[in-house]
Amino acid sequence: MFQSIIKDMPHILHGGDYNPDQWLDMPEVLKEDVRLMKLAGINVVSIGIFAWKALEPEEGVYTLEWLDELFDRLEANGIGAFLATPSGARPAWMDKNHPEVLRMNSDRVRNLHGERHNHCYTAPYYREKTAQMNKMLAERYGKRKALKLWHISNEYGGECHCPLCQNAFREWLKNRYHNDIHELNSRWWTRFWSHEFSDFDEIESPCPHGEMEIHGLNIDWMRFVTYQTTEFMKNEIKPLKEITPDIPVTTNLMGTYPGFDQWYLSKYIDVVSWDSYPDWHNDYESFADTAAKTAFIHDLNRSLKHKPFLLMESTPSQVNWQRVCKLKRPGVHELASIQAVAHGSDSVQYFQWRKGRGASEKFHGAVVDHYGKEDTRVFREVAKLGENLKKLDSIVGTFPQTEVAVIYDWENRWAVDNLQGLNDRRNYEQTCKKHHRAFWNMGISTDVNDMTQEMTGYKLVVAPMLYMLRPETAERIKEYIYNGGNVVFTYCTGNVDETDKCFTGGFPGNGLMEAAGIWAEEIDPLYDTDINQIQIKEEYAKYFKNTSYKCRDFCEIIHAKEGTEVIACYGDDFYKGMPAVTKHQYGKGCCYYIATRTEDDFLEEFYHSLVKTIGILTPPVKEMKKGLSITRRCSEDKEYLFFMNYSEGVQEVELEDSVMDCSPISLINKEMMTQTLHFGKYEYDIIEIQKKS
């Protein structure tokens with residue numbers, strides 16, 4: 001059940017992007033790299049990511065000797081390789097000889113050579129060429145001892161609107177709508193502005209000087225982009241799997257990047273990996289706020305396959321592209337890296353190993369900077385982390401046992417972003433993170449799923465702003481609640497179907513009103529300066545610290561149906577006294593509805609009361625401290641508790657008495673734990689606890 005991602009490497013993987021092809025004229029640097037890697041505790045590196053020109057300097061002319069030598073060096077020193085396919089950036093000769101591979105933007109202007117991922121996912125030549133390149137790499141390096149994983153391309157993203165893609169889009173639409181243009185018109189509601197289509201050939205992708213107001217078109221275009229990106233990736237993977245079926249494949253994702261549905265694409269890779277670059281030490285939120293947002297994305301990536309993932313990229317110091325490229329303060333790199341492991345990563349990896357000397361990323365952080373030696377603060381911190389990661393072999397392959405899920409859905413996000421009306425603070429992603437944060441603050445491990453995932457097994461499912469509601473999702477939710485599950489909905493639930501067409505008969509639609517126990521009649525968008533409040537009903541006051549809480553942005557006007565309990569009412573405006581928070585028993589379970597965007601204090605207390613009522617597992621400490629995160633990974637006979645201090649001061653926490661009976665040991669210090677634990681600023685520890693039989 002608990003297996004390492006790399007079969008012959010049952011360790012936390014530690015490494016990063018390595019680009020020796022940029023240093024081929026300096027062999028002394030390549031020799032020094034190996035020495036420094038061993039000092040830093042590096043056991044794997046990602047190679048060849050943007051190396052197409054070095055591999056094929058002219059069409060059909062290959063120079064692979066440098067890569068042969070690299071594999072020799074890595075194997076001689078016990079370092080593994082994640083070998084990348086080089087499709088993320090092409091050599092200039094290819095764009096000159098085959099301009100059809102260049103991407104065309106939504107304005108129908110074709111790009112020139114340059115940048116990354118500037119390619120058409122549909123172009124037959126590029127698909128053929130990438131498959132040919134990947135086959136050659138697999139044949140040449142597939143049996144090398146150092147090869148541990150295939151790194152497919154790099155940060156897929158973007159879209160192409162060229163004629164090839166337009167034709168492919170039309171074929172995709174024909175398949176989706178059964179070659180029936182009348183069905184498409186009906187689903188897209190194209191009678192609006194007399195925009196009905198007579199034939200699929202009349203349809204083009206959304207563009208700024210053409211059609212952008214048919215929301216069904218916009219949503220389907222994003223689905224097509226997801227499909228075409230995935231098909232391009234599958235074309236890359238095919239020769240690798242044919243030749244090296246036992247070598248896992250991954251592609252590095254980008255958090256909540258909105259450009260394609262990562263739930264769809266991740267079905268076709270063996271391992272999920274992502275590139276994490278939080279803006280630590282920013283000027284608009286606390287350090288703990290940044291940590292909470294990052295935790296959400298770690299949980300999302302773990303949930304994509306419900307097993308450990310890889311932190312494929314991070315920076316040991318700073319990036320080169322944020323508004324202010326702040327240095328990580330001492331201790332933060334190690335803390336941020338351990339956070340990824342705590343939430344399910346079996347690796348800590350960097351962009352990049354060594355800083356390049358030119359072009360756009362020459363000042364992006366790296367383990368080895370332009371100084372080139374090991375006596376730097378950053379190198380020492382990386383080496384210290386490397387030593388601690390060596391102590392965590394027992395954690396490899398384990399993952400949290402979760403009883404709570406938050407729904408974050410890409411297609412729903414596209415629909416919410418597309419929505420014309422309300423106000424400009426819809427903020428779907430931020431809203432999901434706020435609900436997730438309440439559980440993070442309680443030390444409760446939480447999955448982040450899309451609306452297609454199975455709900456059985458969770459004690460609580462939270463679905464913020466589930467504006468788009470598929471019929472099968474509605475049925476699954478109703479069944480889940482009826483059989484004893486608990487669901488929390490918010491304002492803007494169940495307004496449109498999967499083609500972004502509004503339901504009739506009342507919101508939430510698709511038959512969900514029965515389970516929710518409410519009817520949403522209107523929604524009042526508020527200005528930035530508008531503030532309303534919710535008043536807690538007397539019978540629920542014991543669950544909250546205050547009797548009223550501020551609310552802003554959206555106040556949905558709802559009606560409680562017979563049998564629905566009202567937890568809180570609005571305090572102001574013409575809907576004063578009307579329900580704002582409700583609870584409805586449906587079968588054996590309960591549905592809660594929060595009709596307004598409340599302040600965080602309300603969410604904290606609301607979910608705290610639900611956790612107690614439902615009986616959700618909490619960390620074995622006598623009191624949770626604000627800014628101290630506790631996360632759990634589990635094996636069959638042990639639990640691993642990660643304590644991480646994201647506050648700006650010293651934290652003290654006391655373990656429950658029952659923990660002391662389970663022989664708690666620090667994996668970092670290899671010492672038995674005392675009952676009271678102390679954590680300085682940015683400090684952490686990992687405690688191993690024997691499960692009781």
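## Close-up views of a predicted model

View 1. At 16% relative accessibility, glutamate 381 counts as buried (buried means under 20% relative accessible area, exposed over 50%, and partly exposed in between, with a 1.4 Å probe and protein chains only). Arginine 377, at 30% relative accessibility, counts as partly exposed. These residues form a salt bridge in which the closest N and O atoms are 3.4 Å apart (a side-chain nitrogen of Lys or Arg within 4 Å of a carboxyl oxygen of Asp or Glu). Both lie in helix α12 (residues 377–389), four residues apart, or about one turn of the helix; helices (H or I, at least four residues) and strands (E, at least two) are DSSP runs, numbered from the N terminus.

The model is predicted, so that local features need pLDDT of at least 70 and side-chain atom pairs count only at pLDDT 80 or more, whereas totals for chains, interfaces and linings use all residues. Residues are numbered from 1 along each chain as its sequence is written, and side-chain values use heavy atoms, with hydrogens and water left out.

**View 2. A salt bridge between lysine 434 and aspartate 600.** The closest N and O atoms of lysine 434 and aspartate 600 are 3.2 Å apart in this salt bridge. Because lysine 434 lies in helix α14 and aspartate 600 in helix α17 (residues 600–614), the pair ties together parts that are 166 residues apart in sequence. Lysine 434 is partly exposed at 41% relative accessibility, and aspartate 600 is partly exposed as well, with a relative accessible area of 38%.

**View 3. The covered helix α13.** Of the nine residues in helix α13 (residues 410–418), eight are buried, among them Trp410, Trp414 and Glu411. The elements that cover these buried residues include α8, α9 (262–265), α10 and α14 (428–441). Glu411 also belongs to a network of salt bridges that links it with Arg176, Asp220, Arg223 and Arg470.

Definitions and conventions. Contact means heavy atoms within 4.5 Å.
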